Amino acid sequence: MMTAKKIYLQPNSVHEALSITNSFENDFRFLAGGTDVMVNRFQGNETSSCLIDLSGISELKHIKKVGSYLSIGSLIGLNDLKNHSEITDEFPVLIEAANAVGSPLIRKSATIGGNILCENRCVFYNQSEWWRDAVGFCLKCEGNICIATGSKKHCYSEFVSDTAPALISMDALIEIIDKEGERKIKLEDIFTGDGVHSRNLSRTSIIKSILLPLNQKFLSVFNKLRLRESMDFTSLTAVVSADKNGKVKIVLGGVDPKPVIVEGSNKSDREELIKQALKKSRAINNEIFSRNYRREMIRTFLKRSFAEIF
Amino acid sequence: MKVIKIQVNNKYHELLIDEHETLVHVLREKIGLTGTKIGCEQGSCGACTVLVNDEPVLSCITPAMRCDHTEITTIEGIAQNGELHLLQKNFVDKGAIQCGFCTPGMVMTSLDFVKKNPHASVDEIKEALSGNLCRCTGYKKIIEAVAETIHPQNKSNDGNKIKSSVSGIIGVGHPYIEATKKVQGIAEYADDIRVKNVLHCKFLRSPFPHAIIESIDTSLARQLEGVKYILTGNELPEKFGVLPISQDETALAIDKVRYIGEIVAAVAAETDELAQAACRLIKVKYKPLKPFFEIDESLNDIGQNEKIHPHTKFNNNIHKKAEIRFGNQEEGLQHAAFRSKMSFEFEGVSHAFTEPHAATAYWDENGLTIYTATQVPHYLHRALAKVLKIPLSKVRVIKPYVGGGFGGKSDPFPHEFIVSWLAMKTGRPVKVRYSREEVFLCNHGRHPSKMSLEIGADQNGYLKVLDAEIAIDGGAYGSFGVVTTYYNGVLLQAPYAIENFGFRTYRVYTNKPQSGAMRGHGAVNSRFASESLIDDLAHQMKMDPCVLRLKNFMPSNTLTVGQYRITSNGSRESLMKVMEQSQWEKRYGKLPLGQGLGVGCGFFISGSALPIIRNELPQSVVHLKVDFDGRVLLSSGASDIGQGSDTMLAMIVAEVLGISMEKVFVLAADTLLTPVDLGSYSSRVTFMAGNAAKMAAENLRIEIVNAVSTTKEVPADELNFSSDKVFTNDNKVDLTWIEAIDIATANRGAITVSGKYISPKLGGDFKGSGAGLSPSYSFGAVVAEVKVDIETGLVKILNIWGAHDCGKAINPLAVEGQLEGSWHMGMGQALSEQLRYYNGLLLNGNFLDYKIPTSLDTPPIHSNIIETIDPEGPFGAKECGEGALHPVIPAIANAVFDAVGVRITRLPISPEDILQKMKNNSLSFVKVDSN
């Protein structure tokens, strides 16, 4: 029987990880906590022959101040964030967001870097291979039609990270390293809005760290819509953060292939902010809550957030 | 392949593994530590939790390679030198273990938590356990076990303490006799059975809901090395079905497929992966037919060729119609001072037991042996003989420990025939384990239903009339559906006395996985409807809904309109109890907007009085054997699926003989070794097998009495059996148990006795009079308190107060567990569970999207056992495993009405629906606002 060769590598440094990739063209996948990738593998949505397990790379496990930023290593576990006073003191909303991810067991393995890069989801995609074959493969698994909308062009799988909206609302940057070298970009800039290729990072990219600006005195509110109080992926994550200068940043997850971002200030017309958020959100009927309901909840969550912040 | 070195439970292993193998696979298949369970393979149930370097991980999504050079602890490594860990001991003592399938994962998660959080609160415990699903317990006793470990109370509460004294066994809480095995991961479930040289079986399933199979080409798959047999439908043409009147299913689809997921071909191969790969190589040509997905579509008249099953007698896809009427509904409605009529819709729900179906079959000189996760070994025994065309005497069905059933393992299943056949054809043992997706595709869950009910009462609040029109969606095959069709109607004739009662029900076939029997079988949805209508009537009359119910309860010792013989009846006591506990009178209707109390009542059979297959056999037989060692061997066909029937049987026998539980050994559910019991369905086991065990024990007692009274020359009626002794009050005879047995077995050897249960003849002689007949009935009530977020429509249950009349709690610890599990399952159907389809394709066949409530979604549950001492139940006992589910769902919906004035007519309750209805309502609903 023909079986693809299965390889599992555990590099000890970022450098080593990157150099390994040379041997595998695109047939490899980085693994951090693995809680997302391993499930996608079980369902046959992730089929790389080579898994490169980054979890042993200690240089990705730091939390330290770098200039005016707090640098959080991408391999910091979601469950470990709360053990760092630098985070609990200045960015408590990140803890709240991390605690809203999956279940306690998932959070013990999952990492912040992995959660940021959590694959987009759709009820027509996160299914077994047999299932996707039965329904007819969709755009996101190399088919030619979006089952949810009938569109031939666009995939609306949902961006579902809970921590990324919190980070983006606080103007987080990320440090990325790939074969071209290192660069620092705004976290929100990696998301494309295309459900199929939801991020513009190359396959060899590794997030080294997440940078959060210090001393901004963020006031943030986090809300997540889900049917159960544990386990469930988000149907709408809404984070609103205001900094010390009165700048307000709204970030929504779960209602678009990418994070929906609206910026304003504490002087802005709140109804106007809500309208903008609604306008940008391209939620479709592809999960347990209807599109209409989720849109209505955008309004509800934002109103609640504003009431708490202002 | 790579070599890893791991230390598992302090034992060093060097293993050659596939580089992408998961840790759970290595532990179970390479090392043989099967205590770690596979429940979902996607990290969403927690059954596979183990410790890696002292940190809990989900071993189903952990690459084994990552664990190279680590220390791993599995459930088998927790007890030390035969001593249970304190946490394990508390799991056992508190009754935290039912089916035991989630237990290993639950213990591992808790163990880590207890160690790191020595002062944790109950809320923190609930949070910590919220990644481990349990379907049996409602988490209550698990949380108690963890809390007890953190804050030992050292006091006996609610009589739950295990009693070491031998007297008074009945009525004292006993942990399950097998609990210590389950808590150590030693208990073997179907997938844990290891036989040599086994082949693995996988299935090719239909991607079409309704299609002709034009051809199946297996040639490519056959060429794969290691593939031993490829089976298609024609080899097993004999039809089966759990009911003799619905023999409409074959082991594999023949000529046509009727739902997406139906088995079209099966492969036996040397490995799982090979079998799977072979399935992919099988090419099937289908010609699609018009599918039917909704009840309404299946009611339409169509041509013979379009029908899902050609054998049905109507010109549509109706499978079964039932109609029974008593009194005159039309007249009753005309004369009713108050009337309420509403339509309801219910999505299908699934049993969602944590253990996937699994079976291993082999043949030897004795014929077929199959180990399988089943609730009905006897019916499976018969069905295997029929389908495989072999004598009944060549079939042996063995039920190992079963990880929950709830009705979902109470049919004979295609995979059971297939592995049996493949084992015969290949001459090798064949095993199968369903993936979680396959479990959901197999379904047999609660029927999706649509119904319209009307109810009427007179000026004084006496219910005069109830009329129901009900349609249920049976999916592609019959299963228990004919019974379900009747139960939806007939089980509404109590607990309220309503003279003008009638119903009409249809069951339709659709091109979806079949519906069947699920906990509370048949009457859960119609009970929801009727309890909602009663609530509405009370609202119209401005009468307290509890008062209205109390007015209308039928008494004990009466006949219903349909001639059910009601004996013991604890409706009133149950309702009064939950009213009192919830401070109903003080709080109902007076809580602030968004908060509410609601009530519901229930009624259920305690064992179907009629066997499924009409014959003259007793419904249950129990054998006892006692030999020179004084140990009593109890053999019974009853199937313990986690509800505790083995323990119940042992308790009854120990009680009658006055001996300690340790002297009773239970051998159950092996159709070669144990006498027939019909199985775990219709809440029959305690009543029927319990009575058979009691009779057997009494017969054994007579044997011992006769021997002792003759030998010792004392009158037979002066002998007492208690505290492991046989004695007279004047101590003239004062024998230890073993001395008594010496006397009884002298010149005779082992004594064997038998006991049986046969239902009395019951019921009227009209068509359908047999439906719902039971030697006894259970009753119950629930008050729910909810909080509705008026901006999101999300409902949170704050409290459940439940009371259930179980006649007599033989084992109160187990009864509470059954009640709490039932209420919990009801909460799931009320708020979060539903099987969702897209053109006949199940959308949520996994534990992430099929939403069983987690520990965090579960409110405090206040359990009350009501005892009414049934005249015919063993020691007065009747059912407690299903009926309790009925009242909880309407109680929750009625509480939503009290909270926000919205009447729920669809399940699950949707927040969107609530918001919409609140908008439409806003003028008419006025509530005291909180200050």
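Of the 931 residues in chain B, 63% are buried, where buried takes 20 or more other C-beta atoms, placed from the backbone, within 10 Å of the residue's own. This is a predicted model, in which local features need pLDDT of at least 70 and side-chain atom pairs count only at pLDDT 80 or more, while totals for chains, interfaces and linings use all residues. Residues are numbered from 1 along each chain as its sequence is written, with chains lettered from A in the order in which they are written.

Chain B comes to 24 helices and 36 strands, taken as DSSP runs (H or I, at least four residues, for helices; E, at least two, for strands) numbered from the N terminus. Its C-alpha trace spans about 85 × 75 × 60 Å along the principal axes.

Now for the inside. The largest nonpolar core has 411 residues, this being a set of buried Ala, Val, Leu, Ile, Met, Phe, Trp, Tyr and Cys residues joined through C-beta atoms within 7 Å. Helix 20 (residues 685-712) of chain B supplies the largest share of this core, 14 residues. Among the core residues with the most contacts inside it are B:C201, B:V267 and B:L422. B:C201 touches, leaving aside residues up to four places away in sequence, B:V267 and B:L422, and also B:A266 and B:I418, among others; contact here means C-beta atoms, placed from the backbone, within 7 Å.

As for the meeting of the two chains, the contact takes 44 residues from chain B and 34 residues from chain A. Strand 4 of chain B gives the most to the chain B side, with four residues.

Terms used:
Buried ≥ 20, exposed ≤ 12 C-beta atoms within 10 Å, placed from the backbone.
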